[in-house]
Protein chains: 2
Amino acid sequence: MMNDGPRSEELALQRTLNRLADEEAASLERLFHLLAIPSISTDPTHHDSCLAAAEWCAASLREIGFDARVEPTLGKPMVVGHWRAKEKSDARRHVLFYGHYDVQPADPLEEWDAPPFSPRLVEDPRHGMMIVARGASDDKGQVMTFIEACRAWLAEHGSLPVDVSVLIEGEEESGSPSLLPFLAAHGDELAADLALVCDTEQWDEDTPAITAFLRGLAFSEITITGPSRDLHSGLYGGPARNPLQALAKILAELHDQNGRVAIPGFYDGVRQPSAGEIAAWRTLGFDSASFLGGVGLSTPAGETGFSILEQLWSRPTAEINGIHGGYGGPGTKTVIPSHATAKLSFRLVPGQEPDKIIEGWHRFVKEHLPSDASATYAGEGGSPAVGFDTNAPAFRAASRALEAEWSKPPVMIGCGASIPIVGSFRSRLGMDVLLIGFALDDDRIHAPNEKYNLRSFTKGARSWARLLAALGRGA
Amino acid sequence: MMNDGPRSEELALQRTLNRLADEEAASLERLFHLLAIPSISTDPTHHDSCLAAAEWCAASLREIGFDARVEPTLGKPMVVGHWRAKEKSDARRHVLFYGHYDVQPADPLEEWDAPPFSPRLVEDPRHGMMIVARGASDDKGQVMTFIEACRAWLAEHGSLPVDVSVLIEGEEESGSPSLLPFLAAHGDELAADLALVCDTEQWDEDTPAITAFLRGLAFSEITITGPSRDLHSGLYGGPARNPLQALAKILAELHDQNGRVAIPGFYDGVRQPSAGEIAAWRTLGFDSASFLGGVGLSTPAGETGFSILEQLWSRPTAEINGIHGGYGGPGTKTVIPSHATAKLSFRLVPGQEPDKIIEGWHRFVKEHLPSDASATYAGEGGSPAVGFDTNAPAFRAASRALEAEWSKPPVMIGCGASIPIVGSFRSRLGMDVLLIGFALDDDRIHAPNEKYNLRSFTKGARSWARLLAALGRGA
């Protein structure tokens, strides 16, 4: 039914889009079911919720006509689903869609206006209706734009324009430890012509984007130990090594006065974008004042000599994500604690290897440790950065589909955040990857009151409906 | 009965000491009752336990013959008790005993071998029997040495060698905010010839000590705020100010490379001990290696150019007691937090004023704050350091009594910790103060598995029984 020429293809798509419009309330209700499951992968006490979220996703796929299952791993399970046309054809494209059902922890809970796993619609003067819940934008809302697009195609036509496999993982927010073993074991089943990843942002609320550059990540937790037990700061203060102070000194030395990371060898091998790429970024009209002002800041704090977009898309970082040690309760406690812990993450760019960055960090600490202080490490890992060829046919087809929905061509952007799967799809399964998402930079992902605009959700689903059609045309 | 000459005085004391020996099991049981009450004054959730501990102390005093009551304050109540001889005499001495019924928080709970408020006896190869519980040494065990000594005198003789008032406060571990107002309102009732304070250490387990020098304290909690909300470190990392990093830089600058506090004006007015005092400390045979080695350290970390005893007894410090900000749960969370908090305390020596130290700290922070970071402060206060004349008659009488119990004269020591009441007794009520305690430096006060040797408890009570007799002789 979709091979009767451009005119009939256009009509088929239109019926799918109409179906999405008719189904909007039901779509939203389905999304709310998924958002109500507190599938925090990094917190072991939420393991059962992760299993429930996986089962929910598999059941949804089966409901719309996919052959889907929950596949165990050593960590959180994978959701795997397939829909394939009955008539086999070598000309028929096969895409693999990727998303994740796990979410970030919701703390600090007291900063949420309503419970994070009680999704609700909130009217906002600027954004209109917003879906507010942990995971609304990252990534459950985005995953559901794709599933709802497939649902509409299948409900309206009984088929999809391309063969579709789906992989929804449950450890994206905790470093994806099971992903590589899973791809190694199930590579033949998952390999497709093209991967679609929906975990990124648009350029702004009216301008779609395809993400052509992703920073990598390395992470480490360090514990500095001083005395063998907590000490009274009156009876020991002065002569006794304070691990909080030792930790503060190490972390304070992490950047030089120009904001450069001071770990020896940190910038070795870093590949900078071409002058052309940087020039293209300049034409985007990025509003630095608004970017910073939106989160209460006014002055770029990163490396001197680089614009904010260059800092975000092409420069590596070292960030402290948490420090915890000593007394933190109400009032005072005059203690010199035995130990203190910091969590750090390093954003990486092409040319940097996570393992070498972690090695350099350990050497750096060793060189900065004072007497009577020792360092131990935990929870380390990471994934390298990746970049894409924006002239590939799939990029061009996707651009046309997005332009049809948004009345503007997508911009080819970078993203400062990491999506570990992307490098793996390229290196392990040899697939090109299209990174298309409908999140906005004010969606408060990883923060209290995370939201996804209702418009992002509805136009996101419409965009996928169009993309499936465009990819079906054999672009 | 106690005025029949030296021989009968000696017999009366001996009967009291025998009574203490007979009562040992019952004394310990009474102490265990008090230790079982989790009277953590700094934590509002333990307010009721503080009230219960106060009521328990007052009831104990009434039971042995004191006129005692629980007196409310704006914070935790005071326990006030009096025993006065029926026959008034101007020659009769009147002493005020001070201690505190509140204790430090017990966290980290997981490092206790048994629950902190389930007191128990533990056999130790080095110390013999030890009383293990939060507050065993600081200060419930010490308070009970005095009350048990009074109990034995009163049970055996129906009277005490001196008139005795008792003041037991409940906010010593949280800065004693109610103490000055209470002394102002009840000064006439509390004024005595001499104050006895039992909240300090011996020199070692065989050598008693009178503490002649106490460091003061100033404390502050600082919160650094950067962005207006928690940010994703991928999407903002680089350009966004990280308050954890700003805090680490400020705290790292707090000491110079010689361990001196870098706050401008910090050492203004500091009075150093005389050459004679320092020489006397050198004769004490302080074992630096054992002091540090006992807590897993090997190298003095304080100001270069000063011995450990000088650092502890005569040099001020700046200590970080806690840092908390960003993610601290299991796994990773790539967040740039909106704010980060540190608790600090400054140990002061004579010549330093807490208010000026806090002012200097605020100026220091202001000078070190980077762009897009602001500082707010909470929970600030403090008390100055104090020193004593060790040739006063009460010091000499106390020395003789302690020598009789321990077969060694007490050493006149300093103490690095603060006891806010001491300065107030001198300045507000015009009293001399005798600081005598039986704690040991390995009692793990303010730390997990706090203990008080059973021998400290029994010989402490015997020491007080002797001290009361010595003071009754009109020394």
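Just after helix α12 of chain B, the residue B:Ser407 takes a positive phi of about 60°. The structure is a predicted model, and for the complex the predictor gives an ipTM of 0.70 and a pTM of 0.71. Within chain A the mean pLDDT is 93, with 98% of the residues reaching 70 or more.

Several residues of α12(B) are buried, among them B:Ala394, B:Phe395, B:Leu402 and B:Trp406. The buried residues of this helix pack against the strands β7 (194-197), β8 (209-214), β16 (411-415) and β17 (432-435), and also against helix α14 (454-472), of chain B. B:Glu405, which is found in helix α12 of chain B, counts as buried because its relative accessible area is 6%, under the 20% cut-off. Leaving aside residues up to four places away in sequence, B:Glu405 touches B:Lys459, B:Arg462, B:Ser463 and B:Arg466.

In chain A, the side chains of A:Glu405 and A:Arg462 meet in a salt bridge. A:Glu405 lies in helix α12 and A:Arg462 in helix α14 of chain A, so this pair ties together parts that are 57 residues apart in sequence. At 6% relative accessibility A:Glu405 counts as buried, whereas A:Arg462, at 24%, counts as partly exposed.

### Where the chains meet

The contact between the chains takes 89 residues from chain A and 89 residues from chain B, and together they bury about 7,600 Å², of which 54% is on carbon and sulfur atoms. Of the area that chain A buries against chain B, A:Leu235, A:Pro239 and A:Lys333 supply 9%, more than any other three residues. Between chain A and chain B there are 2 salt bridges, and the count of residue pairs in polar contact is 56. On the side of chain A that touches chain B, strand β11 (residues 317-326) gives the most, with 9 residues.

### Salt bridges

A search of the whole structure finds 46 salt bridges over all chains, and the table shows some of them.

| Residue pair | N to O distance |
|---|---|
| B:Lys333 and A:Asp107 | 4.0 Å |
| A:Glu63 and A:Arg151 | 2.8 Å |
| A:Glu450 and A:Arg134 | 2.7 Å |
| A:Glu405 and A:Arg462 | 3.0 Å |

The salt bridge between A:Glu63 and A:Arg151 links distant parts of the chain, with A:Glu63 in helix α3 (residues 47-64) and A:Arg151 in helix α4 (residues 140-157) of chain A, 88 residues apart. A:Glu63 counts as exposed at 56% relative accessibility, while A:Arg151 counts as buried at 12%. By contrast, both A:Glu450 and A:Arg134 are buried.

### A threonine in strand β9

A:Thr223 has its place in strand β9 (residues 216-225) of chain A and is buried, with a relative accessible area of 16%. Not counting residues up to four places away in sequence, A:Thr223 touches A:His339, A:Ala340, A:Thr341, A:Ser374, A:Ala375 and A:Thr376. With A:Thr341 there is also a polar contact of 2.9 Å that joins the side chains of A:Thr223 and A:Thr341. A:Thr223 and A:His362 are 139 residues apart in sequence, yet 12 Å apart in space, C-alpha to C-alpha.

Definitions and conventions. Residues are numbered from 1 along each chain as its sequence is written. Chains are lettered from A and ligands numbered from 1 in the order in which they are written. This is a predicted model: local features need pLDDT of at least 70, side-chain atom pairs count only at pLDDT 80 or more; totals for chains, interfaces and linings use all residues. Side-chain values use heavy atoms; hydrogens and water are left out. pLDDT is the predictor's confidence in each residue, from 0 to 100. Buried means under 20% relative accessible area, exposed over 50%, partly exposed in between (1.4 Å probe, protein chains only). Helices (H or I, at least four residues) and strands (E, at least two) are DSSP runs, numbered from the N terminus. Contact means heavy atoms within 4.5 Å. Buried area is the accessible area (1.4 Å probe) that two parts lose on being put together, summed over both. A polar contact is a pair of N or O atoms within 3.5 Å; within protein, one must be able to donate a hydrogen and the other to accept it, and residues adjacent in sequence count only if both atoms are side-chain atoms.
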